[in-house]
Amino acid sequence: MSPVFNFSAGPAVLPREVLLEVQGELLSWHGSGMSVMEMSHRGKEFMQIAAEAEEDLRAVMGIPANYKVLFLQGGATTQFAMVPMNLIRGHASIDFVDTGHWSKLAMKEARKFGVSTHVVASAEDRGYCYVPAQDGWQRDPQAAYLHYTSNETLGGVEFPFIPDSDGVPLVCDMSSNFLSRPTDVSRFGLIYGGAQKNIGPAGLTIVIVREDLLGQTVSGTPTMFDYKIQAEGDSMYNTPPTFAIYVAGLVFKWMQRQGGLKAIEQRNIEKAALLYETIDTSNGFYHCPVEKAYRSRMNVPFKLAEERLDEDFIKEARARNLLQLKGHRSTGGMRASIYNAMPLEGVKALTAFMQDFARHHG
Ligand code: PMP
């Protein structure tokens, strides 16, 4: 089979090495005679898998000891509700940075909990093509927390900095650039994200939360939505997404073999630079709407100057084994997601195709 390059925004490409490992031990994990899918989550085999996954994530990301790591379900969308339920802690309002689709949804959900949501800055004025500079943010020092989306998966806008929150807990939806670069976890109150982009299969949601923020849920919070209960039960209050945790654990080990987050970041910079350069030097055949300083290294949206060529672009790309390039239905155009597991060769194949396509149709 010739290689296929999958540019899906998520669920997305996983390291081939990891998939082969999974295949190799699918029927019998480490001589146990059982597939991980068949194991009790309370058995010693799976307990070891889960403990190692947490340990490896802590090592890869450098997570300080006073942070809990939770392996949950429900996706980042469930966190849009779970974060306010746990972190409002009697405050009257929450601060949000509005950078587009996902930050808006997070804010909409938080509004259901009887607090006001306050937009400290919005990029709506210019069609969400940038991140508003922090010196202009109108922050509330009494806010329960400050929420932002470090990478807008649809818009392709990524924060080049970690905001300063001056003692207000900083909360980040890191779904689409989780583990794509080194991150100083100690700057955050809470980080959350679905696994299905840079980490593993869909069905696993990761939450990293500072211990002192736990235990003050709003009344009526369901048991499963209480971080403290999840932390006390080692994310096994009920049956966790065992297979997804197992695969994520293998991805964390793969990341270590890649040289850790610094080395992974370098490769991500190189891949993104190549793709943006191809767009920018196409004499307007392709166009990326995002301002250069805020362009995502993970999700690269671009448009063809002539929309009538969109279908041909997708069709011809598919013929060259370049898959899932169609942009989100709300934005149109194209989007190439180039997460950690996308090899440089994949981006090279895409840019070579883009140049050929522009030559033939330009
Ligand atoms: N936030 C961001 C930044 C996302 O990209 C997504 C999914 N594409 C979500 C939240 C929602 O995630 P989930 O589907 O895991 O609920």
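Me: Which residues are around the ligand, and which helix gives the most to the shell?

Reply: In this predicted model, the residues around the ligand are Gly10, Gly75, Ala76, Thr77, Trp102, Thr149, Thr153, Asp173, Ser175, Ser176 and Gly194. Helix α3, which runs over residues 75-87, gives the most to that shell, with three residues. Sorted by class, the shell has two nonpolar, eight polar and one charged residues.

Me: Which positions does UniProt list under "binding site", and how far are they spread in space?

Reply: The unreviewed UniProt entry lists Ala76, Thr77, Trp102, Thr153, Asp173, Gln196, Asn238 and Thr239 under that heading. These positions are spread over 164 residues of sequence, and in space they are also spread, up to 30.5 Å between C-alpha atoms.

Me: Is Ala76 buried or exposed, and what does Ala76 touch?

Reply: A residue counts as buried if 20 or more other C-beta atoms lie within 10 Å of its own. Ala76, which lies in helix α3, is buried because 27 other C-beta atoms lie within 10 Å. Leaving aside residues up to four places away in sequence, Ala76 touches Asp173, Ser175, Tyr192, Gly193, Gly194 and Thr205. Thr77 also has its place in helix α3, but Thr77 is partly exposed, with 16 other C-beta atoms within 10 Å.

Me: Where is Lys197 found, and which annotation covers Lys197?

Reply: The annotation in the unreviewed UniProt entry is "modified residue: N6-(pyridoxal phosphate)lysine". Lys197 is found in the loop between β9 (190-194) and β10 (205-210), and with 30 other C-beta atoms within 10 Å this lysine is buried. Among residues beyond four places away in sequence, Lys197 touches Gly10, Ala12, Ser175, Ser176 and Tyr339.

Me: Why do the buried residues of α7 line one face of the helix?

Reply: An α-helix has 3.6 residues a turn, so residues three or four places apart point the same way. In α7, the buried residues are Leu261, Ile264, Asn268, Lys271, Ala272, Leu275, Tyr276, Thr278 and Ile279. Seen down the axis of α7, these buried residues fall within an arc of 150°, and therefore they line one face. The face turned away from that buried side carries the exposed residues Lys262, Ala263, Gln266 and Glu277.

Me: What covers the buried residues of α7, and how far does the helix reach?

Reply: The cover includes α2 (44-61), α6 (242-257), β11 (286-287), β12 (299-304), β14 (334-337) and α9 (344-361). Helix α7 (residues 260-280) has 21 residues and reaches 30 Å from its first C-alpha to its last, close to the 30 Å expected at 1.5 Å a residue.

Terms used. Residues numbered from 1 in each chain as written. Predicted model: local features only at pLDDT ≥ 70, side-chain atom pairs only at ≥ 80, totals over all residues. Near = placed C-beta within 6 Å. Helix = DSSP H or I, 4+ residues; strand = E, 2+ residues; numbered from the N terminus. Nonpolar A, V, L, I, M, F, W, Y, C, P; charged D, E, K, R; others polar. UniProt positions renumbered as here; feature names shortened; annotations may be inferred. Buried ≥ 20, exposed ≤ 12 C-beta atoms within 10 Å, placed from the backbone. Contact = placed C-beta atoms within 7 Å. Expected span 1.5 Å × (residues − 1). Arc of directions from axis to C-beta.
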